[in-house]
Amino acid sequence: MLKKNNMKKTITIALAVLFLLTGVTGSIIGASHIERNSPFENTEDKTSLLQTISLHKSNVINAERQDSQFFYSFKDGGDEMIRSNDLQFFGDDEEMKTIFIKADDFGGVGYWEDGHIGPFWLPERPLQFTIQSENAEVIINGEKQDVSNLPIHIYLQGFFGISPILFKSDYFNGGTIRLFGWCKEISVAPYSEIHDYIYEQPLFDITNFEDLGQATWGLISSDFNDDGHMDFAGSWSTDVLNYKLFDFLALLSFWFPNFKLLTDMILELLPEIFISIYYNNGDSSFTRDEVYTHKWEEWGHIDDLDSGDFDNDGDTDLMFSLSESINQFKTNGTIYILRNQGDNTFGEKELITRHCSDMIDSYGRINPQLTSADYDMDGDIDFLVGDNSGMVEFYKNNGDGTFESAGVIEDFGYLSWGLTSGDFDGDGDIDFCVAAGVYVNNDGYVYLRRNMMIESNGSTCFETGESEKLFPIVSNIGTGCIQSMDYNNDGNTDIIVGLVSELFIYLSKNSNYEKFSLNNFPISATGRVNSIQHGALTAADFNGDGKIDLITGGVSGVIRLFWNAYEPIMPPLTPKIYNNFLYAPYSGEEVEFEIISKDIHYKDVFYQIDWDDGSNTNWLGPYPSTEKMSITHCWDEEGIYWIKVKAKNTDNMETDWNKRFFVVKEAVEE
């Protein structure tokens, strides 16, 4: 009668594996082997182990599948049962790959609990993780792999070996991994390719301009030096010099609060905050000039930045917002003005207004966001402010750069972070749009608030009642950063929306907005997601070609220039491919995929697919732009496949290939 193995038998198997690994391979866990290109002395070592396991495999006298598990009995095993999901995995030696992986920093690991016994990994379950360490080593069959394009995602199929430290966290070493053994399939690829990120669509040509450190949340454009070229200004922060040391010192200071040396050391590691103006040199290059600075521990990060001749003296001033804090809990949203002294030097900051909140109120008047224009058409520049509360408040300019509140225009719910101004209805006065959430941790909307100065002959500034919903925002917090621009010079005001690490453009056409993807922002080598849902967009014609360009910032501190690439004839968006499988399918099993692209001229699209198994499709289509195409495929063999898909429109303008990582498991006969 067949029985499942108990814990004692499991431990026995683990010890047997350890004996084989240490005896057959000459103690591969020794340091002398780790330093080699491969942790194994020679291929005979691995062959001996495989032959040993193969011998057991040949002695199988019975097997039974129960609840997706396989149970084997052996001629030399008596009445005891030894469990394995995949002893058949160990086939010909040529199928196996020797692997050695060492990394001092990694961002995540995924594995099944029953895929290992302590440090011993069995070929029953896949193992995958992301490495971020610049000194990482990945060696396959004695050949060192290129892991320079960080972060790198590694997927192991049928891994058998040892990882004595899968991961370990401490203040100085961070996450570490040491892994060696064999596997049937391994994928080593940039994180972006695994997650189907598209860093650049054909609508803009994107350039990484400058890495400032972190928190480039305020961006604004203006011709600061009146030379006819559009400049821009940005707020940013230097990065913490050493996060691990900072965390360690912070922990020590908690236990020893009166130790002044610790406090001094922590202050040395803290960032500095800057506002810089980037002067346009007229050749698509810029020269940076710092015009303001403060210490993070005194005032924290700058939340947003705006500009304009607020005091009507003929030069461009700066306005910025931040959140005051008590013991690092944000409390009061404050707004300051920096007056231009006439030579693009700026005086001391002057307080405009302060919105007070309790320090534990996450949805109080903190994280203020700004937009400005002459809303009441009296010749001076007013401003609006949104914040975590969801309210948008209107401040009228007194004509000298001082302001008075005209009251809250509307409470949109929460997180009214996205604010941008423009003549959205084409009637000659300046409206505004706001992105805000409806419920906590739910989706939100972009709303339009119309200016009524023209229609009311100057008697009413903004319409009364609720604002118009333009389109929904699908994100975990229901809001994002928004920026108005006329992308395609058709006279309609379009809207850029930044959500976490994705950027979209909503093109205005016939009073509707159609959504097009612009790009995914790359994750930094240290694993930092470049969130842009809190500030960080500005638009203007920076290269003088008559088309409106875009500049982005974000949490990672990287400024990127998006040069407008609009043409009357251009390719559709690089297509994406989706499937609904929660788990990897088996070989021979049909899988349904959906493919979608969009063409901003709404032309029909065709698709071509490379399944990475020697089979390619011809051009399939045409399909209406914005509609999904469905197709099925099955693979005859298990493995790791890179599906590629590209699109073209009726003008025969083709996209680049987009790759998709896909895993197929070996079919198991009943």
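**Notebook: strands, sheets and cores in a predicted model**

I began at the end of strand β45, where I looked up how V664 is placed, and found that the bridge partner of G639 in β45 is V664. I note that strands here are DSSP runs of E with at least two residues, numbered from the N terminus.

I recorded the ground rules next. The model is predicted, so I read local features at pLDDT of at least 70 and side-chain atom pairs only at pLDDT 80 or more, while totals for chains, interfaces and linings use all residues. Residues are numbered from 1 along each chain as its sequence is written, and side-chain values use heavy atoms, with hydrogens and water left out.

**Entry 1: β44 and β45**

I looked up the pairing of strand β44 (residues 639-649) with β45 and found it antiparallel, over 7 bridges. Two strands are said to pair if DSSP finds at least two bridges between them. β45 covers residues 658-664, and N658 lies in it. Of the 7 residues of β45, 6 are buried. The terms are set by relative accessible area: buried is under 20%, exposed is over 50%, and partly exposed is in between (1.4 Å probe, protein chains only).

I then asked how N658 is placed: buried or exposed? N658 is buried, because its relative accessible area is 6%. A polar atom of the N658 side chain lies 2.9 Å from the backbone oxygen of P575.

**Entry 2: the sheet β16 to β19**

I traced an open sheet of 4 strands in the order β16-β17-β18-β19, with antiparallel pairing. β16 (214-222) and β19 (286-295) stand at the edges with a single partner strand each, so one side of each has no neighbour in the sheet. The twist from one strand to the next averages 20°; the axes are lines fitted to C-alpha atoms, and angles run from 0 to 180 degrees between N-to-C directions.

Within this sheet I checked strand β18 (residues 272-280), which pairs with β19 in the antiparallel sense over 9 bridges. In β19, H294 is the bridge partner of I273.

**Entry 3: the sheet β15 to β36**

I found another open sheet of 4 strands, antiparallel, in the order β15-β38-β37-β36. Its edge strands are β15 and β36, each of which pairs on one side only. Strand β37 (residues 549-552) and strand β38 (residues 558-564) run antiparallel and are joined by 3 bridges. In β38, T552 has R560 as its bridge partner.

**Entry 4: nonpolar cores**

A nonpolar core is a set of buried Ala, Val, Leu, Ile, Met, Phe, Trp, Tyr and Cys residues joined through side-chain atoms within 4.5 Å. Which residues touch the most other members of the largest one? I found L203, F204, Y487 and L503, in a core of 22 residues. Among the elements that give two or more residues to this core are β15 (204-211) and β34 (502-509). β34 gives the most, with 3 residues.

I listed the neighbours of L503, leaving aside residues up to four places away in sequence; they include I496, L518, F521, L537 and F562. Contact means heavy atoms within 4.5 Å. A second, separate core of 20 residues includes L127, A136, F159 and I177.

**Entry 5: confidence**

pLDDT is the predictor's confidence in each residue, from 0 to 100. The chain has a mean pLDDT of 79, and 74% of its residues reach 70 or more. Over residues 1-94 pLDDT stays under 50, and it stays under 50 over residues 167-174 as well. Where pLDDT is low, the predicted coordinates should not be read in detail.

Conventions
A polar contact is a pair of N or O atoms within 3.5 Å; within protein, one must be able to donate a hydrogen and the other to accept it, and residues adjacent in sequence count only if both atoms are side-chain atoms.
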